[in-house]
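Hi everyone, thanks for coming. Let me put the structure up, and then we can walk through the ligand and its surroundings together.

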Amino acid sequence: MKVFTVKDQEEGAQLAFNLLKEKLAAGAKTLGLATGSTPLAFYQKIVASDLDFSEIRSINLDEYVGLAADDPQSYHFFMNEVLFKFKPFKDSFLPDGSAADSDAEIRRYNQLLKQYPIDFQILGLGSNGHIGFNEPGTSFDSQTHLVDLTDETIQANARFFDKPSDVPKQALSMGIASIMAAETIVLMAYGRQKAEAAAQMIKGPVSEMLPASVLQKHSDTVVILDEEAASLL
Ligand code: GLP
């Protein structure tokens, strides 16, 4: 795991963008994408660039259960608004949060991940150390699965909703093993509220209680922190 401390999100986004460009130049065909506020500046860099994704596929980490793709609170909608409508990909896949049969949807997603292995995976970090929606206690062997969100995650994500009770209680998420299968992983974390999780991820024991700590075992992971997120290192 290589760790870089940057001044702010803007500098972090530039670093992640440079890594993406290198990976694309080396032939990457499938990108793993994340939602949340952390990758926003990175997506803005992509939108402002002349990169062309018409031969590239994207696969997103997760989606809320119960929200259809056109629901403004869904991750589908978010990705369209911040990236896909400006930079169309050959295909863009997200779990279908409105699928009536979640087991079938999970099988479909795992099949996609097998068919299109991820070359470059972007990650954020939950304040409890989650990656994707893999909450503390998730098995390191997990593939795509149905998740009961923790109260901490529901509270943290409530800022995107009118009220906390509007936040879905479940999500479909790529599992830890699905994420670890990516060839290159770039995790960004910004702000004081990520400092404890970041320190545990980098220096703590590798433990299912801190999902992101698994990245210590990945052979090509870059962690980008601003000074506040790095403050406990
Ligand atoms: C959500 C997402 C994660 C994201 C995390 C952090 O739980 N499922 O993929 O990394 O939030 O969000 P933010 O970047 O807004 O802090």
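Predicted model: local features only at pLDDT ≥ 70, side-chain atom pairs only at ≥ 80, totals over all residues.

Numbering runs from 1 along each chain as its sequence is written, and side-chain values use heavy atoms, leaving out hydrogens and water.

Now the polar contacts, meaning pairs of N or O atoms within 3.5 Å. T38 has a polar side-chain atom 2.5 Å from a ligand oxygen, and K194 places one 2.6 Å from an oxygen of the ligand. On the nitrogen side, a ligand nitrogen is 2.8 Å from a side-chain N or O atom of D62. The ligand taken alone exposes 390 Å², and the protein buries 96% of that (Shrake-Rupley method, 1.4 Å probe).

Where does the ligand sit? It is in the largest pocket, with more than half of its atoms within 2 Å of the grid points. A pocket here is an open set of points on a 1 Å grid over the protein atoms alone, with protein on both sides within 12 Å along at least five of seven lines; lining residues have an atom within 4 Å of a point. This one holds about 600 Å³ of space, the volume filled by probe spheres set on the points. Its lining has 33 residues, with T35, G36, S37, N157 and F160 closest to the centre. Helix 5 gives the largest share, four residues.

Notes: Polar contact = N/O pair within 3.5 Å; in protein donor to acceptor, adjacent residues only side chain to side chain. 1 Å grid on protein atoms, 1.4 Å probe; cavity = no way out; pocket = protein on both sides within 12 Å on 5 of 7 lines; lining within 4 Å. Helix = DSSP H or I, 4+ residues; strand = E, 2+ residues; numbered from the N terminus.
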